[in-house]
Amino acid sequence: MDSTVRSTDGDRGVLLLGDADVKRSLAYPELITELRVAFIDLSSGRAHAPAPAIAETDAGDLEALPAATSGALAVKAITVFPGNHNLGLPSHDGLVVLFDRSTGTPIAVIGAGALTARRTAATTAMATDRLRPAGARVLTIVGAGVQAHSHLAALTEMYDYEEIRVVDQHPQAADRLAAEHAGARVVLSREAAVRGADVICLCTSTDRPIIDRSWLTGPVHVNSIGFGAGPEVDAATIRDARIFVESRARALLPPPSGAHELVGVDPKEVTELGEVMSDPTPGGRCGPEELTVFKSTGNAIEDATAANIVYRNALALGLGARWAR
């Protein structure tokens, strides 16, 4: 089925969609299904997401991230202003502009907040579905911010865990996150939360590693979502793990565009998610005792894919407001 969304003939309006519209029109199962195709296309060269253009200021950066997939054409404009935390504002904010794939006509402007949270968590859930150890029963989430909330929802949508541990430096934030799932409980120590877990999801804005290789025993899968001023995963874990990324071209760039953890890593030692998804062999693991790490750096094809779904479903649901250009 052709999932490409085209503007209505004769209608030159642009659909404006906010976070509430995104939440109503972007469900994880549909998003994960379409992301699998998008990542396969990215790794095979059928989708294109060039390196971001970055404009720097004293307070933060503005990034422009274009992408073209078989079904969508979009650009995301995102700001990263770390000091906003002190102002009660989000550190990451922006918009996604969606274009008609066949004419280049702008057809939607979508708030990037909820869309980014959901597309990031959906990509992690997709990766975890292929990379988690067989019989995984314990999930740990480190952090309790926006990404932690979306990752708890997405990961538990894809797979049932017998035990879910939540840990954060702010106990009240951890309590709020744990309250979102009946099987979740707060653990006060990061080490206690990580030891014995089968799937670990790191959702922090740290400037130093928050886990230690000695805490990881047996087959373990680690998702590292944090993109702070330093590495979220320790060097020993990176050394011993099989590493997965959305795109080598993006993840292996020098920080801040690329991952702090992957500086100096041989590209031949890194596997793209699209290569895993296109492999008919179940799972992406090399052996039953393997340690795997998915290092998320984000990719614009995620935004384009998600925006396409949001626009398509928003039209069907009658959401948003029209801006007549």
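How many strands form the open sheet, and in what order? Let's find out in this predicted model, one close-up at a time.

**View 1. The open sheet, strand by strand.** The sheet has 7 strands, and they go in the order β2-β3-β4-β5-β6-β1-β15. The pairing is mixed. At the edges sit β2 (53-56) and β15 (321-324), each of which pairs on one side only. Leave direction aside, and neighbouring strands here are turned by 20° against each other on average.

**View 2. Zooming in on β1 and β6.** Strand β1 covers residues 13-17 and strand β6 covers residues 106-111. The two run parallel, joined by 3 bridges. Look for Leu16, which stands opposite Val109 in β6.

**View 3. Helix α3 on the sheet.** Here α3 packs on the sheet and touches β4 (73-80), β5 (92-99) and β6. The direction of α3 makes about 80° with that of β6.

**View 4. Two helices crossing.** Helix α2 (residues 28-44) meets helix α3 (residues 112-131), with axes that come within 9 Å and cross at roughly 70°. Angles of 65 to 115 degrees count as roughly perpendicular, so that is the word for how α2 lies to α3.

**View 5. Who touches whom between α2 and α3.** On the α2 side you'll find Tyr28, Leu31, Ile32, Leu35, Arg36 and Phe39. Their partners in α3 include Arg118, Arg119, Ala121, Ala122 and Thr123, and also Ala125, Met126 and Asp129. Sort this contact by class and you get 9 nonpolar, 1 polar and 4 charged residues.

Definitions and conventions:
Residues numbered from 1 in each chain as written. Predicted model: local features only at pLDDT ≥ 70, side-chain atom pairs only at ≥ 80, totals over all residues. Heavy atoms only, no water. Axes fitted to C-alpha atoms, helices over the stretch in contact; angles between N-to-C directions. Helix = DSSP H or I, 4+ residues; strand = E, 2+ residues; numbered from the N terminus. Parallel < 35°, antiparallel > 145°, perpendicular 65-115°, else oblique. Contact = heavy atoms within 4.5 Å. Nonpolar A, V, L, I, M, F, W, Y, C, P; charged D, E, K, R; others polar. Pairing = 2+ DSSP bridges.
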